[in-house]
Amino acid sequence: MAADLNADRLVRALQGAYNQGKRRKDLLQLVATRMRQTGSPYTGVYLYMVQGNDLILEAFDGRPTEHTKIPVGKGLCGRAVAERRDINAADVSAEADYLACSIETRSELVVLIRRGDDILGQIDVDSDVVNGFDEREQAAVKEVADALAALL
Ligand code: SME
């Protein structure tokens, strides 16, 4: 079965926007908006970008979050950067360092936006269902993250 997210279509939209002169803020917002339009399991999509020792929320679609600035190392988002790896938390209630954005959230996927050895930021996706993101879904989000990295 294919992933729910049509990554190829979103990558084409990103490249089209770039060709029309759109840059960072618009490209990040495009990813957040289009990815969330997928519907469940994509409840909220948050684009956090590395600035110094913090992750700054630069674009999102879905429920607003109070976590607009997360120190590297804090929460699932900060841990992903500190450990330089993607995190797929099937059940956020099992994660001791989880920072809640909404009490409805049950699972969360954090995929790093990498360019070579540099970590530019991350795509953080919340879902209202437990185990929202399987391997195909994770691979689809990574395809988008890799395309984004080349355009930022
Ligand atoms: N849950 C994240 C914080 C970001 S909000 O969910 C949008 C974390 O644990 O780092």
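Two strands count as paired if DSSP finds at least two bridges between them. Strands themselves are DSSP runs (E, at least two residues), and helices are runs of H or I of at least four, numbered from the N terminus. This is a predicted model: local features need pLDDT of at least 70, side-chain atom pairs count only at pLDDT 80 or more, and totals for chains, interfaces and linings use all residues. Residues are numbered from 1 along each chain as its sequence is written, and side-chain values use heavy atoms, with hydrogens and water left out.

Start with the sheet. Six strands form an open sheet in the order β3-β2-β1-β6-β5-β4, with antiparallel pairing. β3 (69–71) and β4 (87–89) each have a single partner strand, so one side of each lacks a neighbour in the sheet.

Now follow the pairings. β1 (residues 44–51) joins β2 (residues 54–61) through seven bridges, in the antiparallel sense. Here Met 49 faces Ile 56 in β2. On to β6: six bridges link it to β1, again antiparallel. Leu 47 stands opposite Ile 123 in β6. β5 pairs with β6 over nine antiparallel bridges, and Val 110 lies opposite Asp 124 in β6.

How many residues of β6 are buried? Nine of its 10 are (buried means under 20% relative accessible area, with a 1.4 Å probe and protein chains only).

How values were computed
Buried means under 20% relative accessible area, exposed over 50%, partly exposed in between (1.4 Å probe, protein chains only).
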